Amino acid sequence: MYVENKNIPLTDLGGGVVRKVLAYSENIMNVELHFDKGAVGAKHSHPHEQLGYIIEGSLLYQEEGQEDKVLVTGDTYYVAPNVVHGVVALEDTKLLDIFTPMREDFVK
């Protein structure tokens with residue numbers, strides 16, 4: 001299986017955030033997110049493990065029990081299941097998030 005990024009529509013999540021669900025199976029999912037400068041990924045939690053990679057831009061990463069951290073292009077973060085986390089875009093930012101298992105709520 002392969003996915004051509006140019007053929008995947010953006011889903012507007014509001015507040016300056018858009019998402020593209022890329023390739024996925026029951027066990028893993030790849031998601032591209034675009035944040036306008038100042039956009040907020042509200043603090044939330046989910047039962048999935050998550051890896052995030054900053055493709056371009058920078059953001060303030062917030063995780064329950066941790067100090068807020070500025071992450072920039074090339075940085076990565078890991079979120080354990082059920083941990084509260086969120087982000088604030090410090091500039092226009094593009095992320096690649098990987099979830100396991102896949103986020104069924106993203107494809108309904």
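The following is a conversation about a predicted model and the terms used to describe it.

Colleague: Why is T93 called buried?

Modeller: Buried means under 20% relative accessible area, exposed means over 50%, and partly exposed covers what lies in between, with a 1.4 Å probe and protein chains only. T93 has 4% relative accessibility, and therefore counts as buried. T93 lies in strand 10, where strands (E, at least two residues) and helices (H or I, at least four residues) are DSSP runs numbered from the N terminus. Leaving aside neighbours within four places in sequence, T93 is in contact (heavy atoms within 4.5 Å) with L33, H34, F35, I54, E56, G57, S58 and L59.

Colleague: What does the side chain of T93 meet at 2.7 Å?

Modeller: A polar atom of the T93 side chain lies 2.7 Å from the backbone oxygen of E91. A polar contact is a pair of N or O atoms within 3.5 Å; within protein, one must be able to donate a hydrogen and the other to accept it, and residues adjacent in sequence count only if both atoms are side-chain atoms.

Colleague: How do you know that Q62 and D68 make a polar contact, and is Q62 buried or exposed?

Modeller: The side chains of Q62 and D68 are joined by a polar contact of 3.4 Å. Q62, which is found in strand 6, has a relative accessible area of 14% and is therefore buried. Beyond four places in sequence, Q62 is in contact with K43, D68, V84, H85, G86, V87 and V88.

Colleague: What makes a group of residues a nonpolar core, and which residues have the most contacts inside the largest one?

Modeller: A nonpolar core is a set of buried Ala, Val, Leu, Ile, Met, Phe, Trp, Tyr and Cys residues joined through side-chain atoms within 4.5 Å. The largest such core has 20 residues, and those with the most contacts inside it are M29, F35, L59, Y61, Y77 and L95. Strand 2, strand 3, strand 6, strand 8, strand 9 and strand 10 each supply at least two residues of this core, and the largest share, four residues, comes from strand 3. Not counting residues up to four places away in sequence, F35 touches G16, V17, V40, G41, V87, A89, E91, D92, T93 and L95.

Colleague: Why is G41 also called buried?

Modeller: G41 has a relative accessible area of 16%, and is therefore buried. G41 is found in strand 4 and, apart from residues up to four places away in sequence, touches F35, G86 and V87.

Colleague: How do you know that D105 and R103 form a salt bridge?

Modeller: A salt bridge is a side-chain nitrogen of Lys or Arg within 4 Å of a carboxyl oxygen of Asp or Glu, and the side chains of D105 and R103 meet at 2.7 Å, N to O. By this rule the count comes to one salt bridge. Side chains of opposite charge can pair when their charged atoms come close. D105 has a relative accessible area of 44% and is therefore partly exposed, whereas R103, at 8%, counts as buried.

Colleague: What makes I28, L51, Y78 and I98 a patch?

Modeller: Patches are made of residues with over 30% relative accessible area and no salt bridge, with like charges joined within 9 Å and nonpolar side chains (Val, Leu, Ile, Met, Phe, Trp, Tyr) within 5 Å. I28, L51, Y78 and I98 form a nonpolar patch on the surface, with about 340 Å² of accessible area together; such areas come from the Shrake-Rupley method with a 1.4 Å probe, and for residues only the protein chains shown count as cover. I28 has a relative accessible area of 45% and is therefore partly exposed, and I28 lies in the loop between strand 2 and strand 3.

Colleague: Where is N82, and why is N82 called exposed?

Modeller: N82 lies in the loop between strand 8 and strand 9. N82 has a relative accessible area of 52%, and is therefore exposed. Phi of N82 is near 65 degrees, a positive value in a residue other than glycine.

Colleague: Which residues does a cis peptide bond join?

Modeller: A cis peptide bond, with omega about -10 degrees, joins T100 and P101, and P101 is found in the segment after strand 10. Most residues other than glycine have a negative phi, and most peptide bonds are trans.

How values were computed
Residues are numbered from 1 along each chain as its sequence is written. This is a predicted model: local features need pLDDT of at least 70, side-chain atom pairs count only at pLDDT 80 or more; totals for chains, interfaces and linings use all residues. Side-chain values use heavy atoms; hydrogens and water are left out.
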